[in-house]
Amino acid sequence: MFITVHAAAATIIGKSIPNPFLAFLAGVLSHFILDLIPHGDSRMGKKFWAEKLKFLKDNGELKMMALYGSIDSLVLAFFLIFIFKNFEFTRADNVIWAIVGSIIPDVTVAFYKIKELKAIKWFYKAHNKNHNILVNKINFDLPLQYGVLMQIIVLTLLTWVIYFIS
Ligand SMILES: [Zn+2]
């Protein structure tokens, strides 16, 4: 799932948890829960997309991740600037740590894919397993474009919630 969606959800969750450390843990937990929702980037979704975009053919997964990750990080940067400038509560430690917690799982996964550090392999595997557990169980994932659309809608709704609770 887009890192920005994780960050937006964590912004809302973090607001109701005053303790920064607990907010951080809640952020991490929310990441794993949100990842369960089929959103088009399971292995199935990736395969579908790799067939459409021929330039992804060689070393497709890494290129895919770089492309997806770059766009994702850029959107996240704009989103964070937007909330920090407009909503005072988002500048509190607990909200910031909840956001950090919600982002860290994907940062760790990306780091593992690049560096293959053995010490974090278990985390990489657990994240992947969690990510695909529901998709595999119901044997369904959205095509990536619908997954992206769904996430844009969810992000819009979450931004509305942030606006209303501010
Ligand atoms: Zn994730």
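Colleague: In what order do the elements of the chain run, from the N terminus on?
Modeller: The order is α-α-α-α-α-α-α. Helices are DSSP runs of H or I with at least four residues, strands are DSSP runs of E with at least two, and both are numbered from the N terminus. This is a predicted model, where local features need pLDDT of at least 70 and side-chain atom pairs count only at pLDDT 80 or more, while totals for chains, interfaces and linings use all residues. Residues are numbered from 1 along each chain as its sequence is written.

Colleague: How many helices and strands is that?
Modeller: The chain has 7 helices and 0 strands.

Colleague: What share of the residues is buried?
Modeller: Of the 166 residues in the chain, 31% are buried. A residue is buried if 20 or more other C-beta atoms lie within 10 Å of its own, exposed if 12 or fewer do, and partly exposed in between, with C-beta atoms placed from the backbone.

Colleague: And what about contacts between residues at least 6 apart in sequence?
Modeller: Among those contacts, 81% join residues at least 24 apart. Two residues are in contact if their C-beta atoms, placed from the backbone, lie within 7 Å.

Colleague: Which residues have the most contacts inside the largest nonpolar core?
Modeller: They are A7, A8, A10, A98 and I99, in a core of 21 residues. Such a core is a set of buried Ala, Val, Leu, Ile, Met, Phe, Trp, Tyr and Cys residues joined through C-beta atoms within 7 Å.

Colleague: Which helices supply at least two residues each?
Modeller: α1 (3-15), α2 (20-36), α4 (60-86) and α5 do. The most comes from α1, with 7 residues.

Colleague: You listed A8. What does A8 touch, leaving out residues up to four places away in sequence?
Modeller: A8 touches F79, L155, L158, T159 and I162.

Colleague: How do α1 and α5 pack?
Modeller: They pack at an angle of about 145°, with their axes 8 Å apart. Axes are lines fitted to C-alpha atoms, for helices over the stretch in contact, and angles run from 0 to 180 degrees between N-to-C directions. The crossing of α1 and α5 is right-handed. A crossing is right-handed if the near helix is turned clockwise from the far one by less than a right angle, and left-handed if anticlockwise.

Colleague: What is that contact made of, by class?
Modeller: The contact of α1 with α5 has 10 nonpolar, 6 polar and 2 charged residues. Ala, Val, Leu, Ile, Met, Phe, Trp, Tyr, Cys and Pro count as nonpolar, Asp, Glu, Lys and Arg as charged, and the others, Gly among them, as polar.

Colleague: Now α2 and α5. What is their angle?
Modeller: It is about 35°, and the axes of α2 and α5 are 7 Å apart. The crossing of α2 and α5 is right-handed. Residues making the contact include P20, F24 and H31 of α2 and D93, W97 and P105 of α5. By class, the contact has 12 nonpolar, 6 polar and 1 charged residues.

Colleague: Where is L34 found, and what is it in contact with?
Modeller: L34 is found in helix α2. Leaving aside neighbours within four places in sequence, L34 is in contact with M1, V5, H6 and A9. The C-alpha atoms of L34 and V5 are separated by 8.7 Å, though these residues are 29 apart along the chain.

Colleague: Why does L34 count as partly exposed?
Modeller: Because L34 has 19 C-beta neighbours inside 10 Å.

Colleague: How many C-beta neighbours does I152 have inside 10 Å?
Modeller: I152 has 14, so it counts as partly exposed. I152 is in helix α7. Its C-alpha atom is separated by 9.7 Å from that of T4, 148 residues away along the chain.

Colleague: Changing topic, where is E116, and what is its phi?
Modeller: E116 is in the loop between α5 (93-115) and α6 (121-138). Phi of E116 is near 50°, a positive value in a residue other than glycine. Most residues other than glycine have a negative phi. E116 is exposed, with 10 other C-beta atoms within 10 Å.

Colleague: And what is the phi of N139?
Modeller: Phi of N139 is near 55°, also a positive value in a residue other than glycine. N139 is in the loop between α6 and α7 (144-165). N139 is exposed, with 7 other C-beta atoms within 10 Å.

Colleague: Where does UniProt place the feature "transmembrane region"?
Modeller: The unreviewed UniProt entry places it at residues 20-37, 65-84, 96-114 and 146-165. UniProt positions are given in the numbering used here, feature names are shortened, and annotations may be inferred rather than shown by experiment. In the model, residues 20-37 are 94% helix and 0% strand, with the end C-alpha atoms 26 Å apart.
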